[in-house]
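Student: I have a structure to look at and would like to learn how to read it. Could you go through it with me?

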Amino acid sequence: MNAAGHIAIGVALVVLTACGPMSASRAYDLCSERARLAAQPRGMIGVGVGSGGASATGSITITSDYIQGRDPYLVYDTCFRQNTGAGPTRPLSL
């Protein structure tokens, strides 16, 4: 096999490794956040006064899970299984 073939195999292995299951700890963090957003939207409002006068900012995060009325516990379970290939190792705490 030539050098280009070895490089292609190396790149393929890196890509496949990156697509593998994530750690249970990382999945817990990611899926818990997704479940919280399925339970309710999140918003932020900022108000300030400076040399340029008053200012205000705001943002709101609404997910499709919330809009579709999905059960946050089911969202958590499904997310965890998709990302780790196994069931949750810790219960969801909203």
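Student: Is Arg34 buried, partly exposed or exposed?

Tutor: Arg34 counts as partly exposed, at 36% relative accessibility. The classes work like this: buried means under 20% relative accessible area, exposed means over 50%, and partly exposed lies in between, with a 1.4 Å probe and protein chains only. A word on the source: this is a predicted model, where local features need pLDDT of at least 70, side-chain atom pairs count only at pLDDT 80 or more, and totals for chains, interfaces and linings use all residues. Residues are numbered from 1 along each chain as its sequence is written, and side-chain values use heavy atoms, with hydrogens and water left out.

Student: Which residue forms a salt bridge with Arg34?

Tutor: A salt bridge here is a side-chain nitrogen of Lys or Arg within 4 Å of a carboxyl oxygen of Asp or Glu. For Arg34 the partner is Asp65, and the closest N and O atoms are 2.8 Å apart. This pair links distant parts of the chain, with Asp65 in helix H3 (residues 64-67) and Arg34 in helix H2, 31 residues apart. Helices are DSSP runs (H or I, at least four residues), numbered from the N terminus. Asp65 itself counts as buried, at 3% relative accessibility. Asp65 also meets Arg70 in a salt bridge, at 2.5 Å from N to O, and Arg70 is partly exposed with a relative accessible area of 38%.

Student: How many salt bridges are there in the whole structure?

Tutor: The search finds 5. One of them joins Arg36 and Glu33, whose closest N and O atoms are 3.6 Å apart. Both residues lie in helix H2 (residues 24-39), 3 residues apart, or about one turn of the helix. Arg36 is partly exposed at 30%, and Glu33 is partly exposed too, at 27%. Glu33 and Arg36 are also linked with Arg42 in a network of salt bridges.

Student: What about disulfides: which cysteines form one?

Tutor: In general, a disulfide is a covalent bond between the sulfur atoms of two cysteines. The cut-off used here is a pair of cysteine sulfur atoms within 2.5 Å, and the count comes to 1 disulfide. Cys31 and Cys79 form it, with their sulfur atoms 2.2 Å apart. The pair links distant parts of the chain: Cys31 is in helix H2 and Cys79 in helix H4 (residues 72-84), 48 residues apart. The torsion about their S-S bond is about -75 degrees, so the disulfide is left-handed. Cys31 is buried at 0% relative accessible area, and Cys79 counts as buried at 2%.

Student: Which residues make up the largest nonpolar core?

Tutor: In soluble globular proteins, nonpolar side chains tend to be buried together. A nonpolar core is a set of buried Ala, Val, Leu, Ile, Met, Phe, Trp, Tyr and Cys residues joined through side-chain atoms within 4.5 Å. The largest one has 8 residues: Ala27, Tyr28, Cys31, Ala35, Tyr76, Cys79, Phe80 and Leu92. H2 and H4 are the elements that give two or more residues to this core, and the largest share, 4 residues, comes from H2.

Student: What does Tyr28 touch?

Tutor: Contact means heavy atoms within 4.5 Å. Not counting residues up to four places away in sequence, Tyr28 touches Tyr76, Phe80, Arg90, Pro91 and Ser93.
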